[in-house]
Amino acid sequence: MTSGLKHVGDEIAKQWVPIRLALADREKEHYISYTDCLAICKKHKVEDEQSARVISGYLDALGLIVHFKDDATLHDFVIVDPRWVVKAVYAVLED
């Protein structure tokens with residue numbers, strides 16, 4: 001049942017939809033910096049970093065972006081084209 005899923009019932013800023021669309025518009029770049037991601041959030045009235053991290057967490061959980069927000073090495077990369085990273089991993093595994 002969906003009510004038992006991790007994020008069901010959590011409150012999230014209504015701005016997540018335009019943020020998701022803005023990130024999807026950058027898909028051809030494959031990834032953007034975390035700074036660029038924060039700028040997109042601010043453009044859509046999500047001013048504080050904590051709220052932006054929550055939104056990136058939801059988008060990551062939904063598979064719409066890949067953001068290793070808790071990894072010190074990968075934190076600054078927000079992958080806006082998840083298919084690109086899957087293709088890269090397959091290429092490494094096939095080699």
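These legends describe close-up views of a predicted model. Local features need pLDDT of at least 70 and side-chain atom pairs count only at pLDDT 80 or more, while totals for chains, interfaces and linings use all residues. Residues are numbered from 1 along each chain as its sequence is written, and side-chain values use heavy atoms, leaving out hydrogens and water.

**View 1. The open sheet has 3 strands in the order 1-3-2, with antiparallel pairing.** Strands (E, at least two residues) and helices (H or I, at least four) are DSSP runs numbered from the N terminus; two strands pair if DSSP finds at least two bridges between them. Strand 1 and strand 2 (66–67) are the edge strands, each pairing on one side only. Strand 1 pairs with strand 3 over 3 bridges in the antiparallel sense. Ile32 stands opposite Val78 in strand 3.

**View 2. Tyr31 and Phe77 form an edge-to-face aromatic pair.** Rings of Phe, Tyr and Trp (its six-membered ring) pair if their centres lie within 6.5 Å; planes under 30 degrees apart count as stacked, over 60 as edge-to-face and the rest as tilted. Here the centres are 5.5 Å apart, with 70 degrees between the planes. Tyr31 lies in strand 1 (residues 31–33) and Phe77 in strand 3 (residues 77–79), so the pair ties together parts 46 residues apart in sequence. Tyr31, Phe77 and Trp84 form one aromatic cluster.

**View 3. Asp81 lies in the loop between strand 3 and helix 4 (82–94).** Asp81 is buried, at 9% relative accessible area (buried means under 20%, exposed over 50%, partly exposed in between; 1.4 Å probe, protein chains only). Leaving aside neighbours within four places in sequence, Asp81 is in contact (heavy atoms within 4.5 Å) with Glu27 and His30.
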